[in-house]
Amino acid sequence: MATTVDQPESTPVAPQGARSRPLLVRVVTFAVRRKWTVLFVSLVFTVLAGVSGADLSDRLRNGGYIPQDAESERAARFMAAEFHAGNPDLVVIASATRSVDDPDSAAAGVALVEALNRRADVASVESYWPSASPLLRSHDGKSALLLVRLAGSEDARQDAVPAVLTDLERHRGPFTLAATGESPVNREIIEQSERDLVRAELLAAPLTIVILLIGFGSVVAAGTPAAIGVVAVTGALAVLEPLAGVTDVSVFALNVATVLGFGLAVDYSLFVVTRYREEVAYGRQHAEAVVVAVSTAGRTVLFSAAAVALSLTALMVYPLFFLRSIAYSAILVVTFGAVASVVVLPALLAAFGPRLLTRGPRRRIRPARSERWWGWLAERVMNRPVLIGGSVALVLVLLALPFAGVRFGLADARVLPASAPAARGEATLKAEFDAAAVDAVTVVLPGIGASRVADVRTYASRLSAVADVAYVDSAAGRFVAGGQEAPPDQSLALMSSRANSYLRLVLDQPVYSDRALAAVRALRAAPAPAPPLVGGATATLVDARDVVGGRLPWVLAILGVSTLVVLFLFTGSVLVPVKALLLTVLSLTATFGVMVYVFQDGHLAWLVGDFTATGYLELTIPILVFCVAFGLSMDYEVFLLSRIREQFLRDDDNRRSVVVGMRQTGRVITMAALVVASVLVALATSRLSVLKLLGVALAMAVLVDAILVRGILVPAVMRLAGRANWWAPAPLRRLHARIGIGER
């Protein structure tokens, strides 16, 4: 006789005491009865949303990795306002075959400066001509720099770059020009991200359809989850478009929202469609099966979406628009996906449901081969939980070991492909010019003007004695190791105005090294004639690390509390939520170890495509990966545990409930994980190393969680815990009886 899955008893569509039951059932019933109206309105909404969000990319910005009130940011603004110095918007490298001091080269250089000064979109120009500053001349004397500060807003400055460079090409004379700097880098990142998004969509769409076709065996069945994904993504982008008009939205928010939203929407509809097919196979009439499926699995979808959204809200504790805008976009797309799954999806099922069935609707369920395999795996794991579970845990620990050597930095031109013009210009700048022109630390002294040069001299001497400071330039001269090495020249005299002064320091350590960071902290702590503002790339990283590290406890608290609360509501257990939290952290640390091994250290880079290994990870990416992957993990955990709990309540057998729960959800969770991973792998084809890192890390986190954690570690731990899995103190049991959530 064929093995069959236990047919569920006739049960209500929501647990007793669940206050949302009447509303959810009414919504689903309305969608089924008015299916064509709902589908028509949904189609109109999707088209209008797509049109509304079409111009979103024009409003996006790069950056947002540090707070605007950070000391390094205030130092940069002070330098730009008072000295027309500091970080330029555009750096032009003019290279000739002869010396830049040759009369013909010098005359051509002056012509370039004059051409820039004639432009209304150029605020100021600092160049080798006529300053003759050695910082602005290359080591071989054949190249010189023009540091250009553009006028207007950030968007205006980025838009001005092509016109400025085109104008310079007309006046370049004997020079070959290359450009880099904040504005061209940001512009190229935005343009590259748009191209990468199109590529990812072209790759992910057919791959997703193939996975769904294999899983469901029907074009209609495969198209239904995809349709929900389209509704979710277009809806989210339509809301993001006006949001970008009132707050900063990162250029990467569009990529993350599209990828995450489509993947999760497909996940949600997969679970609902699978439940619908089960209900039909159990003998329910078509319309009844739709209502029961969406009112049971749909309830889990809503609370799974809530768990994911709560995980993503952790990103909003940071005053960094890069993280905050990704949180906005991801929460929006998760919300639209969940709503579409309980409003649009039942209408689709009501209209096309019979075509989702590849076999007769009245057959008894024979578990598919993949379902039997997941049940078999759960039984094997629970027979030897210590051996099998311990082996997998050991593998994850070994994968996590490289994370002990993690180093953090900030994104720069190297996130672009090495062939990108701004990346080539940045490489030339670092290779051919003095470190002070590229990575100098600036110390601003507000209120200490030229009349107090003696105070500047004393302060510069003191700073030059700080460990790992190579030299200090100031209006009082150059200082090395506590003593004056050279008197002030014409270029150094410009470092003091009537009211203010600044110093330029060069460290003899790599810009993002631990010793460089320690040097900046020592500089900030040194006695000064006025409260200083310390800026530069190293100081920026110090500020960013302080913000990220300082708010990390809040992030962990939000993730931990949301996990414990949501899973308690689903299981009524104290142990199961703690187990889920620990296993998720274990799997994510393994992902972080791989991030360090591949993207920081450059090992196995050929597996993920060409990128520049910088020797560090961008500081905000691990936090982003942690929160997003944590939310995806809770998504799968909610669906698995809801079915395990449902079976346990039916027969009070811990071991059997795990086997049945795995058999019922293993195939669907694996298919859902493959869909999400395929979309993320498409994102990993990006030529921007930040997006490549994000795609690879999240794809690995999803697959490790769905296969190793859900498939092996969860059964092993639940077997060892036995009936203790479902224990809770009496007050919490009574609370769960009143407000608990579940599919049944």
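**Entry 1: ground rules**

I call a residue buried under 20% relative accessible area, exposed over 50%, and partly exposed in between, with a 1.4 Å probe and protein chains only. The model is predicted, so local features need pLDDT of at least 70, side-chain atom pairs count only at pLDDT 80 or more, and totals for chains, interfaces and linings use all residues. Residues are numbered from 1 along each chain as its sequence is written, and side-chain values use heavy atoms, with hydrogens and water left out. My helices (H or I, at least four residues) and strands (E, at least two) are DSSP runs, numbered from the N terminus.

**Entry 2: aromatic pairs**

A pair of aromatic rings is described by the distance of the centres and the angle of the planes. I pair rings of Phe, Tyr and Trp (its six-membered ring) if their centres lie within 6.5 Å; planes under 30 degrees apart are stacked, over 60 edge-to-face, and the rest tilted. How many aromatic pairs does this rule give? The count is 15.

I looked up Tyr65 and Phe322 next. Their rings make a tilted pair, 4.9 Å centre to centre with 50° between the planes. The two residues are 257 apart in the chain. Tyr65 sits in the loop between helix H2 (35-52) and helix H3 (71-83), and Phe322 in helix H11 (residues 321-352). Are these two buried or exposed? Tyr65 and Phe322 are each buried.

Then I took Tyr512 and Tyr616. Their ring centres are 5.1 Å apart and their planes stand at 90°, so I log the pair as edge-to-face. This pair also links distant parts of the chain, 104 residues apart. Tyr512 is in the loop between strand E10 (501-507) and helix H18 (514-525). Tyr616 is in the loop between helix H20 (575-600) and E12. Tyr512 and Tyr616 are both buried.

I also noted one aromatic cluster, formed by Phe403, Phe592, Phe626 and Phe630.

**Entry 3: cavities**

On a 1 Å grid over the protein atoms alone, I count as a cavity a set of points where a 1.4 Å probe fits but cannot get out; lining residues have an atom within 4 Å of a point. Grid points are joined across faces, edges and corners, and a volume is the space filled by probe spheres set on the points. I find 7 cavities of 30 Å³ or more. The largest cavity holds about 170 Å³.

Which residues lie nearest the centre of the largest cavity? They are Thr612, Thr614, Tyr616, Glu618 and Ser689, out of 16 lining residues. Strand E12 (617-618) and helix H23 (689-721) are the elements that give two or more residues to this lining. H23 gives the most, with 3 residues.

I sorted the lining by class: Ala, Val, Leu, Ile, Met, Phe, Trp, Tyr, Cys and Pro as nonpolar, Asp, Glu, Lys and Arg as charged, the others, Gly among them, as polar. The lining of the largest cavity has 10 nonpolar, 3 polar and 3 charged residues.

**Entry 4: helix H6**

I checked the span of H6, residues 154-170. The expected span is 1.5 Å times one less than the number of residues. H6 has 17 residues and reaches 25 Å from its first C-alpha to its last, close to the 24 Å expected.

Where does H6 kink? The kink lies at Val161, shortly before the proline Pro162, and is about 35°. I take the bend at a residue as the angle between axes fitted to the seven residues ending there and the seven starting there. The buried residues of H6 include Arg157, Val161, Val164 and Leu168.

Most residues other than glycine have a negative phi, and most peptide bonds are trans. I logged a cis peptide bond from Trp129 to Pro130, with omega near 10°. Pro130 is in helix H5 (residues 128-131).

Asp468 is not a glycine, yet its phi is positive, about 75°. I find Asp468 in the loop between helix H16 (453-464) and strand E7 (469-474). At 14% relative accessibility, Asp468 is buried.

Asp652 also has a positive phi, about 55°. Asp652 lies in the loop between helix H21 (620-651) and helix H22 (654-683). At 45% relative accessibility, Asp652 is partly exposed.

I ended on Phe40, in helix H2. Phe40 is exposed, at 56% relative accessibility. Phe40 and Val344 are 304 residues apart in sequence and 10.0 Å apart in space, C-alpha to C-alpha.

Notes
1 Å grid on protein atoms, 1.4 Å probe; cavity = no way out; pocket = protein on both sides within 12 Å on 5 of 7 lines; lining within 4 Å.
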